[in-house]
Amino acid sequence: MSTVIQEAPADVVLMGLGVMSGTIAAELSIAGYNVVGVTRGPYWNYATDFASNKYDEWGIGFERKFDFPASLQTTTIRNNVNQFALPARRPTFPIQYHSLGFGVGGVAQHYGGNMGRQGPWAFTMNSSTASKYGAGHLASINPNDDTQDWPFTYAEYEPYYVAWEQAFGISGNGNGNVNGAPMPMSKNYPMQGHPLTPLGSAFQSASEALGYYACPHVSSLASVPYMNTYGVQINGCVYDGWCGSSCNYPCETGAKANSAFRSIPAAIKTGKFKMVLNSEVFRMDTKADGTISDIRYYDAQGNVHVQPGTVFFNGMWGYNQTRSMLISGVGAPYNPTTATGSVGRGLTYGYGTYSSTGGPSGSVAGMGLNSFCAGNAAGGDTFLYDFMDDNFDHTGLNFIGGAQQSAGGYSGGGPGNLTQAGGVSSASQGSAYKATQKSKYQAAATGHVSFGGVAPDLPNTTSYWDIDPHYVDAWGDPCARITHDWTPNGYLGASYFASSPGNAPFIAILNKMGATGISNGGTVVAPFSAHTDWWGHHWRGGNRVGVSASTSVFNGWQQAWMAPNLFAAGEVNNTTGDTVPSGTHIAGPQVQIASEGMQKYLLSPGLLTASLDGKTGPT
Ligand SMILES: Cc1cc2nc3c(=O)[nH]c(=O)nc-3n(C[C@H](O)[C@H](O)[C@H](O)COP(=O)(O)OP(=O)(O)OC[C@H]3O[C@@H](n4cnc5c(N)ncnc54)[C@H](O)[C@@H]3O)c2cc1C
Ligand code: SF4
């Protein structure tokens with residue numbers, strides 16, 4: 001029988017210690033508050049845990065020895081309310097490769113490190129589309145549309161972008177464009193971009209010659225040694241390529257940004273931060289007024305601990321964040337029949353490759369990857385924002401938004417090139433495979449460029465998160481259930497980029513680069529012939545910020561409408577967005593906002609006004 005242990009109250013209680021919670025731990029402990037953070041898993045040390053395990057591709061990539069075991073807790077998936085949802089049972093290709101955060105640093109121990117700001121259009125996607133293309137346009141292209149604007153504009157968000165980028169440590173130089181002009185930034189990234197490959201430079205020159213705006217890939221892998229705004233010293237990437245490919249390989253130098261190597265060391269240094277490891281949070285308890293009184297968690301021995309606090313932060317990521325609110329009875333659960341309630345509502349997937357094998361492609365001679373065999377997961381290429389947001393005219397088109405385009409990225413590292421994680425086939429073993437691997441590294445080899453991508457998956461009233469009525473986790477609590485299928489917007493965007501006239505700019509860039517063997521387009525999967533069959537790492541919405549308690553869970557201070565001493569941040573708190581593989585960067589400023597909101601709450605408890613303090617960056 002487990003013992004119940006009552007812990008001393010803290011000013012601030014954090015659930016999880018990933019990217020988002022790490023910022024709160026640092027900011028609030030530096031501000032002088034007593035902070036307690038509870039997480040699953042250990043505090044990984046890159047020198048002793050990762051460097052000494054360096055060559056264990058099987059253990060890391062397949063056995064997932066640094067990940068949270070799916071056998072203890074997973075989520076179930078279905079495409080619509082008429083289906084029976086089945087659980088994803090293992091985080092391994094094919095089907096499911098997203099791993100779950102486990103320990104300090106969370107899932108960012110495993111991520112790619114692709115960064116890049118979300119531009120102004122995405123914050124006002126709903127109202128901008130209505131004013132430019134007509135009030136009924138979104139409803140006509142997105143059945144059961146549930147798209148909303150964010151509760152703040154890009155200009156209001158901008159100062160928080162800067163604060164987060166300087167603390168987390170972002171490498172890059174500029175961030176794409178807005179209607180032809182550089183995206184407004186009051187401060188450039190703190191570290192230079194990663195060195196470009198010859199292919200990345202050729203792509204940049206060709207794009208710029210045609211009037212597009214290319215900038216180096218924005219990345220959270222430190223390009224040089226750096227001391228962040230918390231005074232934490234960060235090692236630069238040594239370009240050994242270990243973390244490449246399917247992103248399962250944690251960094252052995254600490255160059256890949258996550259809370260364990262950026263924010264938590266600063267929190268520990270204050271002496272005000274208590275870290276509780278190897279523990280499973282399973283409930284938030286509430287008072288009569290709806291505020292949170294404490295959280296309950298199991299320690300590694302199965303004892304139950306009760307941790308009271310004044311203000312709470314839910315940084316458990318994705319469905320863990322949403323599920324914990326549903327099973328604790330915090331907030332109004334979404335009801336898909338009546339389209340009422342907000343917890344679980346507006347679930348969308350940030351981006352996907354489900355509907356297209358791309359657009360035009362071609363080969364550029366003499367652009368082999370010889371000098372870049374030790375690439376990492378994000379860098380070497382340049383990217384364009386010209387084909388996303390509303391940076392091109394969508395008049396007459398049946399989709400909104402678009403996709404970031406890039407070329408010349410590093411080839412990935414040793415384990416990345418052993419593409420076994422993608423399933424074993426002649427493409428991943430045998431003599432033909434070996435020949436392609438060898439030629440990849442010859443300086444005289446041919447570089448390949450391809451374009452395309454899908455437009456964003458949009459929120460509707462039929463995709464949502466709730467509690468599964470059949471499956472439970474190892475502790476006996478119900479699993480989360482995903483009900484989601486891809487929306488038409490993604491397919492229609494993919495078709496546009498893969499065929500005329502949408503493919504014309506890409507063919508022009510390929511010609512400018514001197515490419516040969518240019519194909520005019522990719523293969524578009526027939527609309528609605530592919531369905532969501534996995535849970536990924538960029539779920540957006542499901543626990544949205546917004547201006548109304550009836551359709552959002554958190555207000556503009558990241559504060560729960562129904563429980564004012566609960567704050568949260570992460571991609572699931574995004575309102576919506578375009579197709580960019582940099583969800584952590586887009587959510588990062590939300591945690592800076594939450595940090596400010598929590599300090600306001602500690603000084604004067606209550607519901608904060610749902611707008612920021614009038615701070616603005618450039619428009
Ligand atoms: C393979 C892969 C590639 C990715 N690539 C990119 C990329 O290139 N760019 C990008 O921007 N993003 C990428 N992501 C997504 C990115 O990693 C996440 O957005 C980010 O790490 C989320 O941070 P977080 O703090 O919200 O959650 P996490 O980092 O997951 O932290 C959650 C924390 O909560 C803890 N926790 C969870 N449940 C409980 C519980 N019940 N009790 C106690 N503790 C709990 C976990 O241990 C962890 O510490 C990728 C993710 C994966 C898996
Ligand atoms: S290539 Fe990846 S694993 Fe190697 S130092 Fe750079 S970020 Fe770390």
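Leu14 touches Ser21, Ile24, Ala25, Val35, Val36, Gly37, Val38, Phe313 and Gly315, leaving aside residues up to four places away in sequence; contact here means C-beta atoms, placed from the backbone, within 7 Å. This is a predicted model, where local features need pLDDT of at least 70 and side-chain atom pairs count only at pLDDT 80 or more, while totals for chains, interfaces and linings use all residues. Residues are numbered from 1 along each chain as its sequence is written, and chains are lettered from A and ligands numbered from 1 in the order in which they are written.

Leu14 is also one of the residues with the most contacts inside the largest nonpolar core, alongside Val12, Ala25, Val35 and Phe313. That core has 115 residues, a core being a set of buried Ala, Val, Leu, Ile, Met, Phe, Trp, Tyr and Cys residues joined through C-beta atoms within 7 Å. Buried means 20 or more other C-beta atoms within 10 Å of a residue's own, exposed means 12 or fewer, and partly exposed is in between.

Turning to ligand 1, 38 residues surround it, the closest being Gly16, Gly18, Gly101, Gly106 and Gly112; the cut-off is a C-beta atom, placed from the backbone, within 6 Å of the molecule. Helix H1 (19-30), strand E12 (280-286) and helix H15 (583-603) each put at least two residues into this shell.

Elsewhere, four strands make an open sheet with mixed pairing, in the order E5-E4-E21-E20, where pairing takes at least two DSSP bridges between strands. E5 (86-87) and E20 (464-472) are the edge strands, each pairing on one side only. E4 (residues 75-78) and E5 run antiparallel, joined by two bridges, and Ile77 stands opposite Leu86 in E5.

Ser500 and Pro501 are joined by a cis peptide bond, with omega at about 5°, and Pro501 is in the loop between helix H13 (488-498) and helix H14 (504-512). Asn144, not a glycine, has a positive phi of about 60°; Asn144 counts as partly exposed because it has 14 C-beta neighbours inside 10 Å.

Note on methods
Two residues are in contact if their C-beta atoms, placed from the backbone, lie within 7 Å.
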